[in-house]
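Me: I have a structure open here and would like to go through it piece by piece. Could you help me read it?

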Amino acid sequence: MEYEISLVTAVGISVLFALSLNLITGFCGQISLGHAAFFGIGAYGSALLCKMGLPFLLSLPLAMLLAGGFGLVVGLASLRVRADFLAITTMGVGFLFVGVVRQQERLGGEMGISGIPDAGFSKLAFMLLTLGLCVVAALFSHYIRRSWMGQVFNAIAEDEDTTRVLGVDVPRFKLAAFAMGTALAGLAGALYANNLKFISPDSFGFVESMTVLSMVVIGGIGSVAGVTAAAIVLSLLPSLFTFVGEYKLLVYGGLLFLMMRFSPDGVTGALRRAMAHGRR
Amino acid sequence: MKPLLSVNHVTVRFGGLTAIDDVSFEVKSGELLGLIGPNGAGKTTMMRAIVGVVRPSKGSVMLEDLALNSLSIDARIRAGLALSQQLVKPFREINVQDNVAFAAGSRKTRTPTAALCHVNRQAERALALDALGRVGIAGYAQQSPKTQPLGVLKRLEMARALALKPKLLLLDEPLAGLNSKEASALAQTIADINRQGMTIILIEHNLSEIMRICQRLVVLDNGRKIAEGLPRDAMNDPGVRLAYLGGDADAAD
C-alpha cells in the first residue's frame, strides 16, 4: 500500500504543477519553457525553511510567495517579448536557475539538499493534503475560467493588441497570470521537497519544464479537466513502463509533436471534435 | 466651447520619414469630423498617434483637460477613446454578443483583482444587445464571428467600440471593402449614431459618403494638413483638388 500512496502523492504533485502552468500557458497564452525553475524555487525555499526549523505547513505559503515573487520579476522582464521570444526567455530563466543553484554551496550545490525534516504527517495524511490542494487548485482554475479574469485571459491569448484597444491593461493581467501560476508551482515544489526529503538541481531542469509543458499541451491548452487527466497519465507512464523513464524526453517530445501536428488543442479538442462528429 | 479633442502640432517620424508633420486640429463635442486624404497622407498614423499606438516625436494630444501623451493605449481607451479598426479583429472563439459584452465590461476588467471578483455578465450582455441594435445587427447576437460576412463584422467592430461608452469614437475606414449599398447603409448608421450624441472622427476613402454625412473635414496630404472646414469648401480648395487629382488641378475641370 505504501508504494501506491507515494505514487498517488507524486501524481498529485504533478497535477498541481501542471495546473500551475495551465494558468500561464493554457489560460493566458504565454508560453513558458522554464516553469520547472519556479517548482524548484518553491522546493528549495520550503526545504531550507524547514531545515531552519519552520513548521512544514508554514513553509507552504512562504514557498508560494517566494516563487510568485520571482515569477513576478521574470514576468516583468518578459513583458516586452512575445511568443517565440518569450519561450526563449523563459527557457533561459530555467537554465539560469539550475546554473545558480549548482554553484551555491548554501543551496547544496551539485549535491542538493538532503535530510529535510519530516513534516510530521503520516504518508496517507500527506497524500490527502496533496490531493486536497489539487482539488482546491482545480476549483480555483475553474472559477478563474468563469470569471471576467478568465475572459480577459482568453482575449489576451487570442489577440493581445485588440484586447488593449478594448481598454484592458494587458501587461498587468499577464503579470497576474505569471504571479498566480508561479506561486502555485512553488506550492507544488514545496510538497515535492517534503515528500522526497531530498532535492537536487537535476529535478528542476529543462526536462521537467518540457514534461509539464507536455502535460498542458497534450491535455488541451486551457482545459482544467484535460490537463489534470494528462498530468495523471503522463506522470504514471514512467512508473508503469520503466523504459519510458529512460526515454522520457523522447516520448514526451514525440507526443508533443503528434499533438501539435494533429490536434493543436490537445486530447480535449480531439474528443470535442469526435463528439461533435458523433452527434451529426 | 472647449474642444473635446485637441491635436496640437503633432509630428510623427519613423526613422528618417516624417509621416505626420506639425498637424493641429480640434474636435468639438457632438461633431462628426471626417479625416481624409489620398493614400499615404498619414490619416491612419494620425489615428494611431491619438490612440497611442505610435508616439509623436513632437506635439501633444489632449482629451478635454487630460494630456494623453504619456498614457498607454489601454489607459487612453479607459479615459474615453474608442477605436474601430480598419481590419476587423473579432474574438473568434466567442459569439457576437459576448464579443461586445467583453467591451461593455471594461469597468470589471479595469484591474486583475476586479476581474477576479466578478463572474456575472448579465448586465454586460444586455448592454451588448443594445449596442448591436444600434448598429443594426442584433439578430446576429448568438452567431459565431467565424462565419459572418465582412459587412456584419464591420458593424460588430463598431458595436464593440460603442459598448466602451466612449466620449470620442474613432472609426478607421469602416466602409472599406463593402459594396456601395452596404457602405451607404453603414454610413447612415454612423450618421445616426452621431445624431444620438456621439462625437466621431471618421477616416474614409469613400468621398461621396464623407460629403454626405460629415459636418467638417480635415484634409491631410504627405503628412501635412492642407485644408480644414465645411465639406464642400474643403473639397473645392485648390490644394485639396491637386492632392487628390495630381498634377494640374485645373486640367481636371
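Me: Let's start with α7 of chain B; how many residues does it have, and how far does it reach?
Reply: Bearing in mind that this is a predicted model, helix α7 of chain B covers residues 180-195, which makes 16 residues, and it reaches 22 Å from its first C-alpha to its last, close to the 22 Å expected at 1.5 Å a residue.

Me: Which of its residues are buried?
Reply: In α7(B), the buried residues are B:Ala183, B:Leu186, B:Ala187, B:Ile190 and B:Asn194. Looking down the axis of α7(B), one finds these buried residues within an arc of 105°, so they line one face of the helix.

Me: And what's on the other side of α7(B)?
Reply: There B:Lys181 and B:Arg195 are exposed.

Me: OK, what covers the buried residues?
Reply: The cover over the buried residues of α7(B) includes two helices, α6 (150-163) and α8 (207-213), together with the strands β3 (32-36), β7 (168-172) and β8 (199-203), which belong to chain B as well.

Me: What follows the helix?
Reply: α7(B) is followed by B:Gly197, whose phi is positive, near 115°.

Me: Switching to the sheet in chain B, what's the strand order?
Reply: It is an open sheet of four strands in the order β2-β1-β4-β5 (chain B), and the pairing is antiparallel. β2 (17-27) and β5 (66-67) of chain B stand at the edges with a single partner strand each, so one side of each has no neighbour in the sheet.

Me: How many bridges between β1 and β4?
Reply: Strand β1 (residues 5-14) and strand β4 (residues 58-63) of chain B pair in the antiparallel sense over five bridges, and B:Ser6 stands opposite B:Met62 in β4(B).

Me: Which helix packs on that sheet?
Reply: Helix α1 (residues 43-51) of chain B does, touching β1, β2 and β4 of chain B, and its direction makes about 65° with that of β2(B).

Me: Now the two chains, how many residues are in contact?
Reply: 24 residues of chain B are in contact with 21 residues of chain A. On the chain B side, the elements giving two or more residues are α2 (73-79), α3 (96-104) and α4 (112-117), and the largest share, four residues, comes from α2(B).

Me: What's that side made of, by class?
Reply: The side of chain B that touches chain A has eleven nonpolar, six polar and seven charged residues.

Note on methods. Residues are numbered from 1 along each chain as its sequence is written. Chains are lettered from A and ligands numbered from 1 in the order in which they are written. This is a predicted model: local features need pLDDT of at least 70, side-chain atom pairs count only at pLDDT 80 or more; totals for chains, interfaces and linings use all residues. The expected span of a helix is 1.5 Å times one less than its number of residues. A residue is buried if 20 or more other C-beta atoms lie within 10 Å of its own, exposed if 12 or fewer, and partly exposed in between; C-beta atoms are placed from the backbone. The arc is that of the directions from the helix axis to the C-beta atoms. Two residues are in contact if their C-beta atoms, placed from the backbone, lie within 7 Å. Ala, Val, Leu, Ile, Met, Phe, Trp, Tyr, Cys and Pro count as nonpolar, Asp, Glu, Lys and Arg as charged, and the others, Gly among them, as polar. Two strands pair if DSSP finds at least two bridges between them. Axes are lines fitted to C-alpha atoms, for helices over the stretch in contact, and angles run from 0 to 180 degrees between N-to-C directions.
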